[in-house]
Structures are given as C-alpha cells and as structure tokens.
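User: Could you take me through this structure, beginning with the conventions behind the terms?

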Amino acid sequence: LLALAAGLSDRLRPEAVFFISATTGEGVADLKRHLAQAMPEGPWHFPEDQLTDATDRMVAAELTREQLYAQLHAELPYAAAVVTEKWTERPDGSAEINQQILIERDSQKAIVVGKGGARLKAIGTAARAAIADHLGRKVHLYLHVKVAPRWSEDRGLYEDIGLQWSE
C-alpha cells in the first residue's frame with residue numbers, strides 16, 4: 001500500500017494522504033481533524049441551540065421510521081416510509097399522533113405487524129418514547145400499516161416529509 005500511495009501521490013500531488021481501516025476505524029480521526037481544519041468559517045444560518053429546521057411532525061415520522069428499521073433491519077428492505085397523518089393537541093398538553101407506515105407488498109405487512117400485532121406494538125412503544133423525549137411531553141401514538149405498491153413514486157409524499165422531487 002505504501003508503494004501504491006507513493007506512486008499516486010507523485011502523479012496526483014494531493015494535499016494529504018490518509019490510510020483508513022474500514023474494519024477498525026483506524027485513521028478516521030486524523031481524516032476528520034484534517035477536514036474540520038480545512039473548512040472555512042462561515043455564518044450561522046440558525047440559532048446555535050436549534051438542532052434542525054424540520055417540523056415536529058417530520059421528526060416524529062423519522063423517529064418512528066428509525067424504530068421500524070432498528071427492529072426489522074434484517075427482515076424488511078429499506079422500502080418503507082412513515083407519514084404523520086394527523087396531529088392533535090390534547091387539553092392536557094399531550095399530543096395525539098396518527099401515523100401511517102407505507103410498505104410495498106402484502107408480505108411486508110405481516111413482517112411489520114408481527115404475530116398478534118406484537119412487532120407493531122414494540123415499534124410503537126419505542127417510537128412513542130422517542131417522540132415524547134423529543135417533544136418533552138406525553139404522546140399518544142397510533143400506527144397504521146398500509147400496503148402502497150408505488151409509494152416511492154408519490155411526489156406528494158416526498159414533499160410531506162420535506163424533500164424535493166427531482167427528475
């Protein structure tokens with residue numbers, strides 16, 4: 001590797017060369033430090049304490065989607081989306097959130113729901129806790145699984161989750 005790196009360095013004249021191991025992560029800290037030092041200072045575009053420009057609805061959907069894949073990573077291909085359909089503020093200060101999990105095939109629905117609804121309940125429980133932690137208040141989360149074979153081609157869905165459709 002040293003000879004290969006030396007040959008490439010002679011031809012390409014890079015500013016720096018880094019040896020990184022994908023297995024151990026060795027060298028990553030040096031690369032990150034170099035990249036951070038190379039970045040120019042720029043203006044703050046958001047207040048320092050603002051973590052994201054995403055709405056609470058969008059974050060709630062992503063937190064549920066995160067749980068979906070955390071629990072089904074080996075069983076469900078990354079072909080699902082979560083849409084927050086309804087958000088109601090309750091008089092007691094809690095939030096009632098209705099979300100729809102969109103999948104492509106009937107066979108995936110059985111995986112997401114699980115035997116007797118156990119998997120969906122576990123996903124909902126973990127997502128509810130994450131959303132409540134994010135919002136700092138109690139959350140009532142209701143999940144529904146819908147088979148939508150072409151959901152990934154729905155422009156409106158992408159706009160709902162804050163992304164722009166590109167041709």
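Analyst: Contact means heavy atoms within 4.5 Å. Axes are lines fitted to C-alpha atoms, for helices over the stretch in contact, and angles run from 0 to 180 degrees between N-to-C directions. Helices (H or I, at least four residues) and strands (E, at least two) are DSSP runs, numbered from the N terminus. The model is predicted: local features need pLDDT of at least 70, side-chain atom pairs count only at pLDDT 80 or more, and totals for chains, interfaces and linings use all residues. Residues are numbered from 1 along each chain as its sequence is written, and side-chain values use heavy atoms, leaving out hydrogens and water.

User: Where does helix α5 lie?

Analyst: Helix α5, residues 118–135, lies across β1, β2 and β3 and runs at about 135° to β3. Helix α3, residues 56–72, also lies across β1, β2 and β3, at about 135° to β1.

User: In what order do the strands form the sheet?

Analyst: The order is β1-β2-β3, in an open sheet with mixed pairing; two strands pair if DSSP finds at least two bridges between them. β1 (80–89) and β3 (139–147) are the edge strands, and each has a single partner, so one side of each lacks a neighbour in the sheet. On average, neighbouring strands are turned by 20° against each other, direction ignored.

User: In which sense do β2 and β3 pair?

Analyst: Strand β2, residues 95–103, pairs with β3 in the parallel sense over nine bridges. I97 stands opposite L141 in β3.

User: Now the whole chain: how many helices and strands?

Analyst: The protein chain has six helices and three strands, running α-α-α-β-β-α-α-β-α from the N terminus.

User: What is the radius of gyration?

Analyst: The protein chain has 22 Å, whereas a compact globule of 167 residues would have a value near 15 Å. The radius is taken over C-alpha atoms, and the globule rule is 2.2 Å times the number of residues to the power 0.38. Along the principal axes, the C-alpha atoms fill a box of roughly 65 × 40 × 35 Å.

User: What share of the residues is buried?

Analyst: Buried residues make up 28% of the 167. Buried means under 20% relative accessible area, exposed over 50%, and partly exposed in between (1.4 Å probe, protein chains only).

User: Changing topic, what is phi of R13?

Analyst: Phi of R13 is near 55°, a positive value in a residue other than glycine. Most residues other than glycine have a negative phi. R13 lies in the loop between α1 (2–12) and α2 (28–38), and R13 is exposed at 64% relative accessible area.
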